[in-house]
Amino acid sequence: MTILGSLVARAAAPASRALTGAHDVGILGRLFVVALSGWLAAHPHFAPLDARLMVLLHVVAGNAALLATPFTKIAHCVLARFAPLVFELGWHFPAATGRHVAVVLRKENEPV
């Protein structure tokens, strides 16, 4: 229901509609397939396919959604936390790089 609500909210609000692309709708569609196949796997009497096939569809759809996660906007919520760490590691790798840059910039006595 949340996925459908998100789709309706994106379609109803002009500001949200302007930010929503086909990729975003595709991600919500993939998540809807995961949820629907999981529900059908849990309720095999409603499923159009064999219960084992529904479980397989659910697992494959879930794995596809997990594989697509790093390429979505939601990945920024997690990856943004690591940006300062990556910057610090890059600045101090190799170990003397920061000191060499400070010498070149004639700022040896200032913190890098």
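Mentor: A residue counts as buried when its relative accessible area is under 20%, as exposed when that area is over 50%, and as partly exposed in between (1.4 Å probe, protein chains only). The structure above is a predicted model, in which local features need pLDDT of at least 70 and side-chain atom pairs count only at pLDDT 80 or more, while totals for chains, interfaces and linings use all residues. Residues are numbered from 1 along each chain as its sequence is written, and side-chain values use heavy atoms, leaving out hydrogens and water.

Trainee: Is A18 buried or exposed?

Mentor: A18 belongs to helix α2; helices here are DSSP runs (H or I, at least four residues), numbered from the N terminus, and strands are runs of E with at least two residues. The relative accessible area of A18 is 66%. Because this value is over the 50% limit, A18 is classed as exposed.

Trainee: How far apart in space are A18 and H76, C-alpha to C-alpha?

Mentor: Along the sequence, A18 and H76 are separated by 58 residues. In space, their C-alpha atoms are separated by 20 Å.

Trainee: L19 lies in helix α2 as well. Which residues does L19 touch, not counting residues up to four places away in sequence?

Mentor: With a relative accessibility of 66%, L19 counts as exposed. Contact means heavy atoms within 4.5 Å. Not counting residues up to four places away in sequence, the residues that L19 touches are D24 and K73.

Trainee: Is D24 buried or exposed?

Mentor: D24 is part of helix α3. Leaving aside residues up to four places away in sequence, D24 touches R10, L19 and K73. Its relative accessibility is 11%, so D24 is classed as buried.

Trainee: What is the C-alpha to C-alpha distance between D24 and L7?

Mentor: The two residues stand 17 positions apart in sequence. In space, the distance from the C-alpha of D24 to that of L7 is 9.6 Å.

Trainee: What covers the buried residues of α3?

Mentor: The buried residues of α3 are D24, I27, L28, V34, S37, L40 and A41. The elements that cover them include α1 (2-12), α2 (14-19) and α4.

Trainee: Within what arc do the buried residues of α4 fall?

Mentor: In α4, the buried residues are M54, A61, G62, A65 and A68. Viewed down the helix axis, they line one face, because the arc (taken from the directions from the helix axis to the C-beta atoms) that holds them is 125°.

Trainee: Which helix do the buried residues of α4 pack against?

Mentor: R52, L66 and L67 are exposed and lie on the other side of α4. As for the buried residues of α4, the helix that they pack against is α3.
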